[in-house]
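Work through the exercises below with the structure open. Each task is followed by a solution in steps.

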Amino acid sequence: LKHTDVWIGLPSNEDPKAVYGDVPEVRFAKAAKAGQVVTDMLNNSKVRVVGIGYPTKEAAAIYKLDFTTLETMHWNAVSADYNQISEKGKKLKGILHRGKIVRVTSPSGTDFTFSVGNRPIFLDDGIVTKERAKSKLFFERAASLPGGSIYFAPIEHSANGKVVAQKNRCRYEPLLGVSFEFK
């Protein structure tokens, strides 16, 4: 990493369900903790990363789509206007930064609040600008294609309310009509 400026990454496997599907959560937690040394190395490097995803038949099966539909959706997303994604993402990031309490609602019954506090908010808009390339935080120097994500860790004790997931996935299996209460 000391001698790498740009790292272009591809997915490490075609079928994550076959590789990770039966791995207990405890092992993922141990791996994440052990992986902190890698995160520290990345933060202390100058490396910029672009991760490029690609559609697979296994992913299509997980999403319950035919492969042609997933392939079209994926490459359309990769070909999106990243300047537009960036503009909208920066607006949303600003709203989250300024907000004391974030409230998320949905017609299905979600009514959930949390606080971001002063924690960092990361925007993956598919672009690593010259400014972001100089960041001390690795996640600021990374982009995904397709891009378009915002992620952060809310203040743990601030989460309150109900989240309703009518249709989702958990550990590669369908998750239908469930709700979660946070206090």
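**Exercise 1: the largest pocket**

The largest pocket of this predicted model has a volume of about 590 Å³. Identify which residues are closest to its centre and which element gives the most to its lining.

Solution.
1. The lining holds 19 residues, and those closest to the pocket centre are Pro11, Pro16, Tyr54, Ala59 and Tyr63.
2. Two or more lining residues come from each of α4 (57-62) and α5 (67-78).
3. Of the elements, α5 gives the most, with 3 residues.
4. Sorted by class, the lining of the largest pocket has 12 nonpolar, 5 polar and 2 charged residues.

**Exercise 2: the second largest pocket**

Find the element with the largest share of the lining of the second largest pocket, and sort that lining by class.

Solution.
1. This pocket has a volume of about 200 Å³.
2. Its lining includes Trp7, Val49, Asp124, Phe138 and Tyr151.
3. At least two lining residues each are supplied by β1 (6-9), β2 (48-52) and β6 (142-145).
4. The largest share, 3 residues, belongs to β6.
5. The classes are 7 nonpolar, 3 polar and 1 charged.

**Exercise 3: the partners of β8**

In what sense does β8 pair with β4, and in what sense with β9?

Solution.
1. Strand β4 (residues 111-114) pairs with β8 (residues 160-170) in the antiparallel sense over 3 bridges; here Phe112 is opposite Gly161.
2. The pairing of β8 with β9 (residues 173-182) is antiparallel, over 9 bridges, and places Val164 opposite Ser179.
3. The hairpin of β8 and β9 has 2 residues between the strands, and Arg171 in this hairpin takes a positive phi near 55°.

Key
Residues are numbered from 1 along each chain as its sequence is written. This is a predicted model: local features need pLDDT of at least 70, side-chain atom pairs count only at pLDDT 80 or more; totals for chains, interfaces and linings use all residues. Side-chain values use heavy atoms; hydrogens and water are left out. Two strands pair if DSSP finds at least two bridges between them. Helices (H or I, at least four residues) and strands (E, at least two) are DSSP runs, numbered from the N terminus. On a 1 Å grid over the protein atoms alone, a cavity is a set of points where a 1.4 Å probe fits but cannot get out, and a pocket is an open set with protein on both sides within 12 Å along at least five of seven lines; lining residues have an atom within 4 Å of a point. Grid points are joined across faces, edges and corners, and a volume is the space filled by probe spheres set on the points. Ala, Val, Leu, Ile, Met, Phe, Trp, Tyr, Cys and Pro count as nonpolar, Asp, Glu, Lys and Arg as charged, and the others, Gly among them, as polar.
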